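Welcome! Below are a few exercises, each with a worked solution. Take your time with the structure before you read on.

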Amino acid sequence: MPELPEVETIARGLKKQFYRNIIAAFKCHYAGVLEQKPDLYCRFLLGKRIGEIKRHGKYIFLLLEPQGMLAMHLRMTGQLCLVPVNQAIDKHTHLEFFFKDFAQKLIYRDIRKFGRVELLNDSNYENFIRRKKLGPDALEITPEQIGGHFRDTKRNLKAVLLDQSVIAGLGNIYADEILFREHLSPLKRTDTVTPEEITSLLITVKKVLRTAISKKGTTISNYVDSYGNAGSFQYNLVVYGQKDKLCPECGHFIIRERIAGRSTYYCASCQRS
DNA sequence: CTGTTTACCTGGGGGC
DNA sequence: TGCCCCCAGGTAAACA
């Protein structure tokens, strides 16, 4: 589900909603989302304070004080919401975090159970990013950082843009929207992309992501932010999910094709290899 | 080593 | 209504 703009929206929401709260209790209803045993979380989290909240790519980091960190990845259908403490939970709610003197609880909900939460003693998220081999964040990446990855592979643009070790944060929706706006075919080999095209591509990457953040993300079916609200960038989508609609630039039909293992939407007329 | 396919889960929608 | 099939924002692991 969530790509960079959705994760950023959630991180911003949590930052506003938390007031350096202290964790008073932790409940796990499905241990599959935890990287370690639930008991460890119960013991470690009790009494820890919520400090800074960071994001890199699609990961969100809740820094704990005096030390420790929760690293979370929502994968396809994960949700992090603050809700009233007494609100009943449904069968898709797997984790509950309660706080001292706070009328809200943080819940982790995930229909498909693909998401993961990991507890770390170390609050240094840079170490985590290195261990997971994540590339630079899509909002910060420079042409110099991505150039080598484009040159040294025979893969196509769609595959490389989705590769989190090259650029962290893009997913299936935004990759398609970005390639359309750049008139680049998802099938174009990245070793044929010129330096000028790379520079232009990265400007569009950031422009599309920033616009999506300003719209609080894209809600196709499940995504909601930490307040439980849907995003609205779905109204700005030009190609994603638009099979058989007309390309607004040339009037040809938008096609859907399986590329790099994912449904890929594009205009074969405007987007050239 | 490189690049592609599959497995992990649950639910929604369309065809019959 | 029900059944079967395909599809879904992601990513490791397995495979060729």
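**Exercise 1. Find the residues that Asn156 touches, and say where Asn156 sits.**

Step 1. Leaving out residues up to four places away in sequence, Asn156 touches Pro186, Leu187, Lys188, Arg189, Thr190, Ile259 and Ala260. Two residues are in contact if their C-beta atoms, placed from the backbone, lie within 7 Å.

Step 2. Asn156 belongs to the loop between helix H4 (143-151) and helix H5 (157-162). Helices (H or I, at least four residues) and strands (E, at least two) are DSSP runs, numbered from the N terminus.

Step 3. A residue is buried if 20 or more other C-beta atoms lie within 10 Å of its own, exposed if 12 or fewer, and partly exposed in between, with C-beta atoms placed from the backbone.

Step 4. Asn156 and Asp191 are 35 residues apart along the chain, and 8.4 Å separates their C-alpha atoms.

A note before going on: this is a predicted model, in which local features need pLDDT of at least 70 and side-chain atom pairs count only at pLDDT 80 or more, while totals for chains, interfaces and linings use all residues. Residues are numbered from 1 along each chain as its sequence is written, and chains are lettered from A and ligands numbered from 1 in the order in which they are written.

**Exercise 2. Work out the order of strands in the open sheet of four strands.**

Step 1. Start with strand E3 (residues 59-65), which pairs with E4 in the antiparallel sense over five bridges. Two strands pair if DSSP finds at least two bridges between them.

Step 2. Check some partners: Tyr59 is bridged to His73 in E4, and Leu62 stands opposite Leu70 in E4.

Step 3. Look at the turn. E3 and E4 make a hairpin with three residues between them, and Gly68 in that turn has a positive phi of about 110 degrees.

Step 4. Move on to strand E8 (residues 116-120), which runs antiparallel to E4 and is joined to E4 by five bridges. Here Leu70 has Leu119 in E8 as its bridge partner.

Step 5. The order is therefore E2-E3-E4-E8, with antiparallel pairing. Strand E2 (49-56) and E8 are the edge strands, each pairing on one side only.

**Exercise 3. Why is strand E4 (residues 69-73) largely enclosed?**

Four of the five residues of E4 are buried, so the rest of the structure largely encloses this strand.

**Exercise 4. Which residues surround DNA strand B?**

Step 1. Among them are Ile111, Arg112, Lys113, Phe114, Thr153, Lys154 and Arg155. A residue is near a molecule or strand if its C-beta atom, placed from the backbone, lies within 6 Å of it.

Step 2. Ala159, Ala260 and Gly261 complete the list.

**Exercise 5. How many helices and strands does chain A have?**

Chain A has seven helices and ten strands. Of its 273 residues, 40% count as buried.
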